Amino acid sequence: MSFTGGVYWACRFWTELELDFNSVERVVEYLDLPQEPPAIIESNRPPAYWPSSTSPNKDSLLVVEDLVIKYAPDLPPVLHGISFALKAKERVGLLGRTGSGKSTLAMSLLRFVDPASGRIIIDGIDISTIGLHDLRSRITFIPQDATLFSGTLRDNLDPFGEHTDAECLDVLHRVQMMSDSQLASQRTSRDGSRAASLHENENEREATIASMSTSPTETEGKTVITLETQVSPGGTNFSQGQRQLIAMARALLRRSAIIILDEATSSIDFATDAKIQATIREEFGSSLLLTVAHRLRTVIDYDRLIVLDKGELVEFDTPLNLIQKEGGIFRNMCLKSGTFADLEAAAKAKVERDRQESSRA
Ligand SMILES: Nc1ncnc2c1ncn2[C@@H]1O[C@H](COP(=O)(O)OP(=O)(O)OP(=O)(O)O)[C@@H](O)[C@H]1O
């Protein structure tokens with residue numbers, strides 16, 4: 001009996017000892033993990049206005065020089081010597097087949113992965129020389145599945161309380177999360193004394209929205225969204241598309257000179273997608289917008305397109321030039337999409353629009 005008891009306890013202690021050794025092993029493993037670069041490098045902080053659309057570097061606000069990216073020193077490169085320069089306020093689409101390196105390039109602009117060689121220069125500053133916080137707080141990244149945190153919608157839009165309620169409501173309205181009548185009633189309830197002047201504004205907005213509300217969603221906005229609307233952890237009480245719209249509203253509040261947008265691919269209904277596209281077209285005019293595009297239609301009226309193939313930059317030009325380039329990769333993508341004629345017409349219309357605008361200016 002005592003022998004059986006002894007074996008039982010021996011087995012039990014041995015198992016516990018093994019578990020304890022496992023914990024120690026894990027701690028040692030974590031200690032060896034490569035650390036992120038510092039959040040702030042005091043000796044090298046960018047100026048408060050950096051990056052700026054009006055800086056002397058505006059014709060090359062974002063420069064990528066011979067960029068090589070590897071996910072680990074022993075893995076082959078994912079991006080092979082990519083170089084390009086983007087202007088302030090430009091809208092640029094980033095295209096390529098699955099696995100061509102689009103997300104890797106977008107991520108490298110925020111230093112989620114550092115270059116094996118080459119440089120990324122934003123408004124004159126090599127981003128590897130500044131802290132991660134300084135970099136990431138100045139560039140807005142809108143991911144496919146934007147994350148929200150629990151709290152109110154206002155906390156999510158303006159976590160540091162740097163903006164007024166009116167500004168927060170305004171951006172929700174601009175991304176079409178809030179109809180014009182909802183905006184007016186929210187504003188009135190917040191500031192009754194300004195009701196008379198709001199009425200005038202409302203009429204003004206009514207006219208503006210009427211002209212742009214061709215999307216069917218404008219009349220569907222039954223759900224009343226306020227700044228006090230509670231957001232569940234992860235934003236699960238909003239759809240993926242709505243979360244992306246809220247992230248866009250956040251981007252508008254921050255007024256970043258550079259916005260990187262990863263276009264959502266799935267689970268976006270037609271109405272929300274129309275709102276997202278309208279917001280992109282109308283609201284990001286004062287920022288350099290780099291969109292990781294999964295649909296040709298989204299970027300056909302952009303200023304320029306970057307096409308990646310197997311980690312190399314293979315085409316970089318205006319949509320019209322690329323769609324007319326015989327044997328080009330972008331042209332082939334358009335031909336395969338089955339909507340070549342529509343895409344070509346949209347690319348031509350964009351050029352015509354630009355021509356009219358520049359002759360008016
Ligand atoms: N964390 C990682 N570790 C190792 N390799 C990775 C990692 N992430 C991506 N890769 C590799 O890098 C290459 C480019 O991937 P990336 O996600 O940048 O492509 P993509 O063009 O964005 O693709 P998709 O359109 O499918 O999102 C792929 O071959 C992929 O396997």
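Just past the end of helix 8, Arg255 adopts a positive phi of about 50 degrees. The model is a predicted one, so to speak of local features takes pLDDT of at least 70 and side-chain atom pairs count only at pLDDT 80 or more, while totals for chains, interfaces and linings use all residues. Residues are numbered from 1 along each chain as its sequence is written, and side-chain values use heavy atoms, with hydrogens and water left out.

Twelve of the 15 are buried, meaning under 20% relative accessible area with a 1.4 Å probe, protein chains only; among them are Arg243, Gln244 and Met248. These buried residues pack against strand 6, helix 4, helix 5 (165–174), strand 9 (258–262) and helix 9 (270–283).

A pocket here is an open set of points on a 1 Å grid where a 1.4 Å probe fits, with protein on both sides within 12 Å along at least five of seven lines; lining residues have an atom within 4 Å of a point. Of the 28 lining residues, Ser137, Pro159, Phe160, Glu162 and Arg254 are the closest to the centre. Helix 8 gives the most to the lining, with five residues, and helix 3 (132–136), strand 6 (139–142) and helix 4 (153–157) are among the other elements giving two or more.

Conventions: Helices (H or I, at least four residues) and strands (E, at least two) are DSSP runs, numbered from the N terminus. Buried means under 20% relative accessible area, exposed over 50%, partly exposed in between (1.4 Å probe, protein chains only). Contact means heavy atoms within 4.5 Å.
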